[in-house]
Amino acid sequence: MTHRISRRARFLSAGAAAAVLVPVVGVAAATPAAAATAQVKCTSSAQPELAKKLAKDITAALKNRKGTIAVGFYDKATKTNCTLRGSTSFDSASVVKVTVLATLLWDAKKTDRYLTTRESNLATAMITKSDNNATTTLWRQLGVTKIKKFLAAAKMTKTVPGSGGYWGLTRVNVTDEQKLLSLITGKNAVLSDNARAYILKLMNKVVRDQRWGTPAGAPSGTAIHVKNGWLPRSTHGWRVHSIGAFKGRGHDYTISVLTHGNSSMNYGVDTIQKVSKAIHKDLTPLTQAPTRFAPTDTPKEATVPAPQ
């Protein structure tokens, strides 16, 4: 069976090896220093009061949180944008897997070719289960040159692919992650409509233990698409990230939260979810959405390969 980029996407079940997963009680790093002062900036051409409330509530959510935290947010419906440390770089961990998939589809579109069954299986495993082996296979198949060409086409100018095959050490920031989410969620010349639908479909089917982070607090009736990542290293403690796209209840928005300097992975998860809950609540107040998405109590993610 094949999958043609110019036709309706076919979504196949994962056939690659399972990712290496670690539970929320993982290895802790040294206690991080308090986050340096930085101001959340929000603007809105349609609802300036919403922008003001978001800036206030995101700031409150981050009060006394330690480590380095970057936030990106954009809602197409209200033309509202928020950013915090938009240019600060982080090791990507598993969030780069969305970029790998986008590159694969972009490259296939250029020659109007079908994805093979093998490629579709690898893509499914990479996104829905965060399979590291599948990611390594696709990373090697594409090569860093093609990945750089996709980044240039996507205008993700500050994203730097990891060297030596360490794709989890790709350097990313929230500005570029928001650009990627914008390409996935809106019509553009880089990704075909069917390619975008394929990526969103897989991000909507992430396994339960990996449905944490930016979806926390999303109102019922909202379509959720997410990809997370984490990685502990001797410097900057735990990197913990979450990117998500959401549509429903009159809004169409994306959220990116990147962090490092966390003492443990659950500390980083908690930071991201505090920010996300504030954003979802401000967009859809409690009176409009009494039921909200509750993330897993046992968050897991693939710990990506990295040098000792």
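User: Buried means under 20% relative accessible area, exposed means over 50%, and partly exposed lies in between, with a 1.4 Å probe and protein chains only. Is C42 buried or exposed?

Analyst: C42 is buried, because its relative accessible area is 16%. Please note that this is a predicted model, in which local features need pLDDT of at least 70 and side-chain atom pairs count only at pLDDT 80 or more, while totals for chains, interfaces and linings use all residues. Residues are numbered from 1 along each chain as its sequence is written, and side-chain values use heavy atoms, leaving out hydrogens and water.

User: Which residue is C42 joined to by a disulfide?

Analyst: C42 is joined to C82, with an S to S distance of 2.1 Å. A disulfide here is a pair of cysteine sulfur atoms within 2.5 Å, and a search of the whole structure finds 1. The link is right-handed, with 115° about the S-S bond.

User: Where do C42 and C82 lie?

Analyst: C42 lies in strand β3 and C82 in strand β5 (residues 80-84), so the link ties together parts 40 residues apart in sequence. Strands (E, at least two residues) and helices (H or I, at least four) are DSSP runs numbered from the N terminus. C82 is buried, since its relative accessible area is 1%.

User: New topic: in what order do the strands of the open sheet run?

Analyst: The order of the 6 strands is β3-β5-β4-β11-β10-β9, with antiparallel pairing. Two strands pair if DSSP finds at least two bridges between them. β3 (41-44) and β9 (223-232) are at the edges with a single partner strand each, so one side of each has no neighbour in the sheet.

User: How many bridges do β9 and β10 share?

Analyst: β9 pairs with β10 (residues 238-248) over 10 bridges, in the antiparallel sense. W238 in β10 is the bridge partner of P232.

User: Which helix packs on the sheet?

Analyst: Helix α7 (residues 265-283) does, touching β4 (68-75), β9, β10 and β11 (251-262). Contact means heavy atoms within 4.5 Å. The direction of α7 makes about 155° with that of β11. Such angles run from 0 to 180 degrees between N-to-C directions, along lines fitted to C-alpha atoms, for helices over the stretch in contact.

User: And K53, where is that?

Analyst: K53 is in helix α1 (residues 48-61) and counts as partly exposed, at 43% relative accessibility. K53 and L283 are 230 residues apart in sequence, yet 9.8 Å apart in space, C-alpha to C-alpha.
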